[in-house]
Amino acid sequence: MYDNNLEMTGLLLTAEIYNKIEELQVDDLFADLRKQYWDIKEKTVKRPIVVTINDLQELYDIKDPDKVIKTLPFLEFEEFGSTIRITVLDLAVKWIAKHEQGIDYIKSNPVLAYYYEKNHSLDVSYEESKQDNEPKEVSRQWADSLISQIGNQKDGEDLLKLVHVMVPEEIDQTIDKLVLNQDQKDEVNKMIKAIQFRDYLKRIGLLEIGKLLFVGPPGTGKTSTARAMSAKLELPILEVKLSMITDQYLGETAKNIDRVFDLAKKMNPCILFIDEFDFLAKTRSSDENAALKRAVNALLKAIDEISLIKHRVLLIAATNHPQLLDSAAWRRFDDIVDFPLPDTNMREAILKIVISEIEGSFDPEEIAAITDDYSGSDLRMVVREAVLNALMEERTILTQDDLIRAVGEFDKRTALKYVPIDNR
Ligand SMILES: Nc1ncnc2c1ncn2[C@@H]1O[C@H](COP(=O)(O)OP(=O)(O)OP(=O)(O)O)[C@@H](O)[C@H]1O
Ligand SMILES: [Mg+2]
């Protein structure tokens, strides 16, 4: 987006200023720089940042850095030509300010915005550019730093087998690719605001916020919404399935629960997503015993003791079987978000999203009308079948008939599906 000279000078100036001004934080560095100089052990970018020829080649694909550097009078090689630094800071500062893309570049870089706001007449704001800058929690490196630390602790490795950690930069699911009803949208927005105004909420003592229970049949977008929130809120997400942390020796289960919640507190800010939340409740009804009660109590207590406002952990639990949960479990959540099967309009909207990249002409409204009781995931499966069937005939352009046929096949298969005894 920016020309090489600007990016190179910008990088060097950012390094120079970050090295000097202790007040600047690692979150003030732009993402590419942070990734290049990230120290996995220290979980930060250590000072001083030293820029090498190699860095420039890796970051900006600059072929002949030596040539470029010679054209800029304020840059100089050091240490036998392997590192580069700025000789006259003021010249570099003025050069960027005069560059035609200079102001845009400074606005995209909180370290520079900080410097120019204080020392120059340019109209830039540190606060504003910081808001647009991606925080470190978005990156895999951040999660890996924490994971490597935890992995080194006693039982750390076992713990990491129970939890699946994803970071925003790895998540493809976006909110706008999900069809949500107004309640669901409101809930997502409420959490965005709660995180944004966390300090305020803390100050006024409003701590009971940030525990959500997603309730709904399979394939209605619970997991997808939790992941999309991770991407949207720029928070890593820790996913656990309650069945996975329920040990055959139930005594271990309570311990596992505590360890998972501790991990979430260590990874903060983050989302802790507990799937199959009914799992322990389900076990309880079939075989009541003291160890199981302890496990359930450990879970309830852990939920009580975690807070978005205090620990910066957003808790989301999901269940397909809300009827299995007792009032003690329900009470712990400050919001219940319903994920019903999509109605006709929602089905049409979901279909439109799923087929948006597929060539052909379709009438999603007609398909929506014949897919009562289909979940979002069922609709995805229908389209996948249609695509595969067309591929069998070497076609990549689909027709409405392909979709209708796939619905027919899906209905046949659903009718054949094994129905478990307690659902009959
Ligand atoms: N409302 C929706 N809008 C768009 N896509 C949807 C919607 N609901 C489900 N899907 C799609 O269906 C697939 C499965 O959804 P997801 O895994 O989020 O469901 P779930 O509610 O977590 O199901 P389960 O209870 O079985 O875990 C995803 O690929 C998702 O994109
Ligand atoms: Mg799910």
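A: **Pockets and domain contacts**

The protein chain is assigned three domains: domain 1 (4-132), domain 2 (138-338) and domain 3 (344-416). These bounds come from an automatic or database domain assignment. The model is predicted, so local features need pLDDT of at least 70 and side-chain atom pairs pLDDT 80 or more, while totals for chains, interfaces and linings use all residues. Residues are numbered from 1 along each chain as written, chains are lettered from A and ligands numbered from 1 in written order, and side-chain values use heavy atoms, without hydrogens or water.

Start with the largest pocket. Its space comes to about 1,000 Å³. (A pocket is an open set of points on a 1 Å grid over the protein atoms alone, where a 1.4 Å probe fits, with protein on both sides within 12 Å along at least five of seven lines; lining residues have an atom within 4 Å of a point. Volume is the space filled by probe spheres set on the points, which are joined across faces, edges and corners.) The lining has 21 residues, and Pro135, Ile195, Gln196, Leu233 and Glu234 are the closest to the centre. By class, 7 are nonpolar, 3 polar and 11 charged. (Ala, Val, Leu, Ile, Met, Phe, Trp, Tyr, Cys and Pro count as nonpolar, Asp, Glu, Lys and Arg as charged, the others as polar.)

Helix 8 (126-132), helix 11 (182-196), helix 12 (198-203) and helix 13 (222-233) each give at least two lining residues. (Helices, H or I, are DSSP runs of at least four residues; strands, E, of at least two.) Because domain 1 and domain 2 both contribute to the lining, the largest pocket lies between them.

Now the contact between those domains. Their C-alpha centres lie 38 Å apart. Domain 1 brings 6 residues to the contact and domain 2 brings 9 (heavy atoms within 4.5 Å). Together they bury about 650 Å², 54% of it on carbon and sulfur atoms (accessible area, 1.4 Å probe, lost on being put together, summed over both). On the domain 1 side, Lys35, Trp38 and Lys43 supply 77% of the buried area. The interface holds 1 salt bridge (a Lys or Arg side-chain nitrogen within 4 Å of an Asp or Glu carboxyl oxygen). Lys35 also pairs with Glu169 in a salt bridge, with the closest N and O atoms 2.6 Å apart.

Last, the second largest pocket. It holds about 720 Å³ of space. Its lining counts 35 residues, with Gly219, Thr220, Gly221, Lys222 and Ser224 nearest the centre. Domain 2 and domain 3 each provide at least three of the lining residues.

Notes. Buried area is the accessible area (1.4 Å probe) that two parts lose on being put together, summed over both.
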